[in-house]
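Take a look at the structure first, then read on.

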Amino acid sequence: MKKIINDPATVVADALRGMAAAHPDLLDVQYDPAVVVRADAPVPRKVAVISGGGSGHEPLHGGFVGRGMLDAACPGAVFTSPTPDQVQAAITRTDGGAGALLIVKNYTGDVLNFETAAELAAMEGVEVRSVVIDDDVAVKDSLYTAGRRGVGGTVLLEKIVGAAAERGVDLDGCEALARRVIGQVRSMGLALSACTVPHAGEPSFTLADDEMELGIGIHGEPGRQRVPVGPASELVPALLDPILEDLPFTEGDRVLLFTNGMGGTPLIELYLAHGIAEELLAARGIVVERRLVGPYITSLEMQGMSLTVLKLDDELIDLWDAPVHTPALRWGV
């Protein structure tokens, strides 16, 4: 195992210290329990938007803490759900008096721990709502889930709901908006190589040189099938077609296309794949109005990619375009 770390047991805490040093103007990082909070929290009379999950998916979630996106993120151990006390601490630290909305990826541990924290916060008088995102069309049930997994759509959800909360939309409105986005976003990914979790010390799975895993999860969970590697002109439609058929997306739809790298994929390959996806969507009469390309929800050093398509309307476009100022996303500021 070759990694730029000291001790596998302290890799998350060590990374959080580096993150705090890199972004002192944006973030306030606490370590016990581990929570990443926007520097100006709590914001009075604002709904606190909170998310989290296992580390190893950076910049998700801590990289999206800041104005116009998340108020706090709860980083668990690598590929391990955050604990209820982390989530409860995030709720308490960001409570501006307007309640909290928890954005939870559909993994069994995340769902249970965020639910427990919401119940504890409610006992302290904080109104908390939760939404669960399950945008992965690859499989119905997986290694860590009952039902579909939460993947790339999480980034788009956090941005759009974060913008609404920043504008003063109340808790009911933020929850309704989140559920609308969840209903209109679909994703699917593939892996060309596995990642190595630091404390495990060996790859999470093995692929032959000529194999790829189609429909991979962000923790290396099995996908739909293991198939021979082909050219990008075959890989991209293998991801895009199931996405479009699932909602379904149809001619005339306006969409945001998110081409994501899994951590070990160079941008030259992501842009190449994105161009193919745009051509395929145009051929179906689907209009790409907004785009995001880059490694925004990763799986350590896994080589691979995912596509996410979100059906847009004027309101969602306006919220996507709204100013955001976080370590990983920044525009309009």
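What is the mean pLDDT of the protein, and what share of its residues reach 70 or more? The mean is 96, and 99% of the residues reach 70 or more; pLDDT is the predictor's confidence in each residue, from 0 to 100. Confidence is lowest in β9, at a mean of 94, and highest in α4, at 99.

A word on the ground rules. This is a predicted model, where local features need pLDDT of at least 70, side-chain atom pairs count only at pLDDT 80 or more, and totals for chains, interfaces and linings use all residues. Residues are numbered from 1 along each chain as its sequence is written, and side-chain values use heavy atoms, with hydrogens and water left out. Helices (H or I, at least four residues) and strands (E, at least two) are DSSP runs, numbered from the N terminus.

Let's start with an open sheet of six strands, in the order β1-β2-β4-β3-β5-β6, with mixed pairing. Two strands pair if DSSP finds at least two bridges between them. At the edges stand β1 and β6 (128-133), each with a single partner strand, so one side of each has no neighbour in the sheet. On average, neighbouring strands here are turned by 20 degrees against each other, direction ignored. Angles run from 0 to 180 degrees between N-to-C directions, and axes are lines fitted to C-alpha atoms, for helices over the stretch in contact.

Strand β5 (residues 100-105) pairs with β6 in the parallel sense over six bridges. For K105, the bridge partner in β6 is I133.

Helix α5 (residues 171-183) touches β5 and β6, and its direction makes about 5 degrees with that of β6. Helix α1 (residues 11-22) touches β1, β2, β3 and β4, and its direction makes about 155 degrees with that of β1. A20 lies in α1. Leaving aside its neighbours within four places in sequence, A20 is in contact (heavy atoms within 4.5 Å) with V29 and Y31. The C-alpha atoms of A20 and D141, which are 121 residues apart along the chain, are separated by 36 Å.

**Another sheet**

Six strands also form an open sheet in the order β9-β8-β7-β12-β10-β11, again with mixed pairing. Its edge strands are β9 (225-228) and β11 (287-294), and each pairs on one side only. Neighbouring strands of this sheet are turned by 20 degrees against each other on average, direction ignored.

Strand β8 (residues 211-214) runs antiparallel to β9, and four bridges join the two. L214 has Q225 as its bridge partner in β9. Helix α4 (residues 153-166) packs on the sheet, touching β7 (185-191), β10 (254-261), β11 and β12 (304-311), and its direction makes about 45 degrees with that of β12. Helix α6 packs on this sheet too, where it touches β7, β8 and β12; the direction of α6 makes about 155 degrees with that of β7.

**Helix against helix**

Two packed helices are described by the angle between their axes and the distance between the axes. Here are two pairs:

| Helix pair | Angle | Axis distance |
|---|---|---|
| α6 (residues 232-246) and α7 (residues 267-283) | about 50 degrees | 9 Å |
| α4 and α8 (residues 314-321) | about 90 degrees | 8 Å |

Angles under 35 degrees count as roughly parallel, over 145 as roughly antiparallel, 65 to 115 as roughly perpendicular and the rest as oblique. So α6 and α7 are oblique to each other, and α4 and α8 are therefore roughly perpendicular.

In the second pair, L156, K159, I160, A163 and A164 of α4 meet L316, L319 and W320 of α8. That contact has seven nonpolar, no polar and one charged residues. Ala, Val, Leu, Ile, Met, Phe, Trp, Tyr, Cys and Pro count as nonpolar, Asp, Glu, Lys and Arg as charged, and the others, Gly among them, as polar.

Most residues other than glycine have a negative phi, and most peptide bonds are trans. What kind of peptide bond joins D32 and P33? The bond is cis, with omega about 0 degrees, and P33 is found in the loop between β1 (27-31) and β2 (34-38). The peptide bond from E58 to P59 is also cis, with omega near 15 degrees; P59 is in the loop between β3 (48-55) and β4 (72-78). R45 has a positive phi of about 60 degrees although it is not a glycine, and R45 sits in the loop between β2 and β3.
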